[in-house]
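Biologist: Please take me through the ligand site in detail. I would like one connected account.

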Amino acid sequence: MQPMLNIAIRAARAAGDYISRQVNNIPNLEIESKSTNDFVTQVDRMAEAKIIETLLKAYPDHSILAEESGKSGDSDYQWIIDPLDGTTNFLHGFPHFAVSIALAHKGRLEQAVIYDPMKQELFCASKGEGATVNNKRIRVTKPATTEGALLGTGFPFRAKHHFPAYQGMFNEFFKSAADVRRAGSAALDLAYVAAGRLDGFWEIGLQPWDMAAGVLLIREAGGLIGDFNGDDKYLENGNIVAGNPKLFADMIRKLQPHLTAELKS
Ligand code: 2AM
Ligand code: CA
């Protein structure tokens, strides 16, 4: 196994084990609001510190981009970290959240780990070597269109001015899909697309740390990711569509009538 993936797994497990122990302590946590509906606790911060400590112990020169502490370092290697994706679920004891860690080299994603500490599922990918869950190979599903598909999504709860456009997209997909799931952790949604548990996924306004590891997992599982134009600017604009190559193309086509000028750029 890739040594850098190994270190990422060690970091993700340390953070995930800590987070799952803290589930019993939720009523005592001090919850801060970073902005409307955007919460953070000492658990997010402590988990992030554990991850960064593990990574920098092995690779002291590497750069970091992390949800709670931001950017540091100046290396071609950058770790992109979401210590607790699905914080709102965690705060409610809704057992669906994950640690997400990706490594980019010169801007190209090379390693990815998403760890669900409640279900003890470890999703991993290394560039060119495929994707796995608990060491079993995973692949995206085969449907060519949204007809009868199970789609995942997230609501634009922090950017509510997008809600009318989002409703248009939802109506469009809901017409043809078998159903739509909104589980509250973008990282796990992407891992589930990679694992064939969801056929496709779309969301408006994600952050790079919500997506980075999931993007490599999906690519290595045979899927495609793009923004709403089908381009690769999702890490910049935060808008993401994912699925097998045919379903991806069908979703991009169906989204077009619902895009505002802001969502097209
Ligand atoms: P978080 O729990 O780390 O904040 C829920 O829709 C999922 O999307 C979560 O993974 C949440 O990450 C993430 N998310 C981040 N920013 C968002 C935004 N502006 N709108 C919707 N979801 C967002
Ligand atoms: Ca997140």
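Modeller: An oxygen atom of ligand 1 is 3.0 Å from a polar backbone atom of Thr 87. That is a polar contact, meaning a pair of N or O atoms within 3.5 Å. At Gly 86, a backbone N or O atom lies 2.7 Å from a ligand 1 oxygen. A nitrogen atom of ligand 1 is 3.1 Å from a polar backbone atom of Gly 205. The protein buries 95% of the 470 Å² that ligand 1 exposes when taken alone (Shrake-Rupley areas, 1.4 Å probe).

This is a predicted model, with local features needing pLDDT of at least 70, side-chain atom pairs counting only at pLDDT 80 or more, and totals for chains, interfaces and linings using all residues. Residues are numbered from 1 along each chain as its sequence is written, chains are lettered from A and ligands numbered from 1 in written order, and side-chain values use heavy atoms, without hydrogens and water.

Now the shell. Ligand 1 is surrounded by 18 residues (a heavy atom within 4 Å). Asp 85, Gly 86, Arg 158, Ala 186 and Glu 203 are the closest.

Technical notes: A polar contact is a pair of N or O atoms within 3.5 Å; within protein, one must be able to donate a hydrogen and the other to accept it, and residues adjacent in sequence count only if both atoms are side-chain atoms.
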